[in-house]
Amino acid sequence: MPGKDSGGLGTIRTAIPARLDRLPWARFHWMIVIGLGTVWILDGLEVTMVGAVGSRLTESGSGISLSASDIGTAAAIYVLGSCLGALFFGQLTDRFGRKKLFLLTLGVYIVATTATAFSWAPWFFFLTRFLTGAGIGGEYAAINSAVDELIPARVRGRVDLLINGSYWLGSAAGSALTVFFLSERLFPTDIGWRLSFGLGAVLGLVILVVRRHVPESPRWLFIHGHADDAERIVGDIEHTVEAETGTRLASPDRQITVRQRTVIPLRTIASTAFRTYPRRAVLGLALFVGQAFLYNAFTFDLGTMLTTFYGVSSSAVPVFLVVYALGNCAGPLLLGRLFDTVGRKPMIAATYLAAAALAVLLAVLFAGGALTAWTFLLLVAVTFFFASAGASSAYLTVSEIFPMETRALAIAFFYAVGTAVGGITGPLLFGHLIDTGRTGPVMVGFLVGAAVMAVGGVAELLFGVDAAGRSLEDIAAPLTAAPDAADADVDAAAGEKGEKGENGGEPYPDEPTRAGGADRSGLPGAALAPPGRAGSA
């Protein structure tokens, strides 16, 4: 039974994290991947749609008068909406739960992208792109936190990368379908692009049907005073998995003691990253700024680069974007497993630095006129094969290395700040550089993208945390974790994996150390222990 605590609802002892982490892969986990992970397909569809139809929107007779610079502006406004949406919905996700918010944000997206299809003037197009971005940004916070809290630790890295990499399935599908919708033999100039945006709304409705069956995160429930609901959900999952596999699950080997609270002050959540984990905060910003600049600049403006410098027609641009998207999708698909086996730190650093080096080569060859449309695209695809895996790992990193109570807001904060710095400036800068019609200025943009990616790789080498295979509560203790009398035995049971860093015996940078259950910031330490010493929730 939980014990009463004056600071919250009660103090409980639970094995729920260990019970979730020990589960074999089952249909339940596929439901999580399909119901939640497909948000990335929506984002890929939206971002690529603008890149694919951008040239058409600048043509006379499109029904909306936009310039090449306006396409860059619309991209920046979409990203701004994503940033603000992530921050707004992120704090609500930590306060009201994952499920309420991943249903709400998907609804916002469906309404906004439908409205985009009816745009008649630049200002309305910009407004609907902002609202669409807000829905997608809110999805990032709710979805990534829920996925990490429901997927077993041993496969969390590859699953996260595959889910984040599914962005490019949406991108490839969107590009392929716009070939059809932009065909002037089939649709008038002012109709085809509108139908393209309608695709996102249809896909969103399908995902909404699946998502309604995804449960609330049990980790969120037991911390926020709903231990009985958490117990019921996990029990149902275990029963289903046992029936599916025909085997009895082993008993969980660890428990955690927490002080339940219905509300955790926003100031506590917001200050945790910088007061308790400052180096991890620097790492998160570096990873997000690097990938956001390079990705948003290229993806939003690739179509206009192809038409401006290589004479590719607007109706043929989607064909090139399909190839670009497939190269991006291959990165997380082929490299994802290595993030769990080789480890987070070497793989994240390697993918960021490889992408930076290839971007420099691309810049030199592009400015020198040594590339055709297809060789340009081939080198871009190879560059983003590595960049895609690295970018996906940025989301994985910030969702792993901060306490459970701050997870959604941490994802939102680092996404918003990193993307505001890199994702807004990238499309704006490239849009204006492309407008010059000269390769020299665009080369400078490539080199800036390479530099910020390299900074992300170096930050990972300096501050990276190898979280592969470790429980989320082991990587960062919950803020509500209570001191426990069994701490001495806990440390012995946890062993080197739980307490030591990559360098053999030294704690991870900024990782709170235990001293009677509290770390140096004054927050309680994790009370993880073998089960059987107290009643569990």
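Student: Does Arg22 count as buried, partly exposed or exposed, and what is its relative accessibility?

Tutor: Buried means under 20% relative accessible area, exposed means over 50%, and partly exposed is in between (1.4 Å probe, protein chains only). At 25% relative accessibility, Arg22 counts as partly exposed. This is a predicted model, in which local features need pLDDT of at least 70, side-chain atom pairs count only at pLDDT 80 or more, and totals for chains, interfaces and linings use all residues. Residues are numbered from 1 along each chain as its sequence is written, and side-chain values use heavy atoms, with hydrogens and water left out.

Student: Which side chain meets that of Arg22 in a salt bridge?

Tutor: Side chains of opposite charge can pair when their charged atoms come close. The rule for a salt bridge is a side-chain nitrogen of Lys or Arg within 4 Å of a carboxyl oxygen of Asp or Glu. Arg22 meets Glu238 in this way (2.8 Å, N to O). Arg22 is in the loop between H1 and helix H2 (27-37) and Glu238 is in helix H11, 216 residues apart. Helices here are DSSP runs (H or I, at least four residues), numbered from the N terminus. Glu238 is buried, with a relative accessible area of 10%.

Student: How many salt bridges does the structure hold?

Tutor: There are 14 salt bridges. Among them is the one between Arg19 and Glu231 (2.9 Å, N to O). Arg19 lies in helix H1 (residues 16-21) and Glu231 in helix H11 (residues 227-245), so this pair ties together parts that are 212 residues apart in sequence. Arg19 is buried, at 10% relative accessibility, while Glu231 is partly exposed at 31%.

Student: Which residues are linked in a network of salt bridges?

Tutor: Arg156, Arg158, Asp340, Arg344 and Glu400 are linked in a network. Within it, the side chains of Arg158 and Asp340 meet at 2.9 Å, N to O.

Student: How much space lies in the largest cavity?

Tutor: Rolling a probe the size of a water molecule over the atoms shows where empty space is left. On a 1 Å grid over the protein atoms alone, a cavity is a set of points where a 1.4 Å probe fits but cannot get out, and lining residues have an atom within 4 Å of a point. Grid points are joined across faces, edges and corners, and a volume is the space filled by probe spheres set on the points. The largest cavity holds about 310 Å³.

Student: Which residues lie nearest its centre?

Tutor: Of the 21 residues lining the largest cavity, Trp40, Asp43, Tyr167, Gln291 and Tyr395 lie nearest its centre. H13 gives the most to this lining, with five residues.

Technical notes
Helix = DSSP H or I, 4+ residues; strand = E, 2+ residues; numbered from the N terminus. 1 Å grid on protein atoms, 1.4 Å probe; cavity = no way out; pocket = protein on both sides within 12 Å on 5 of 7 lines; lining within 4 Å.
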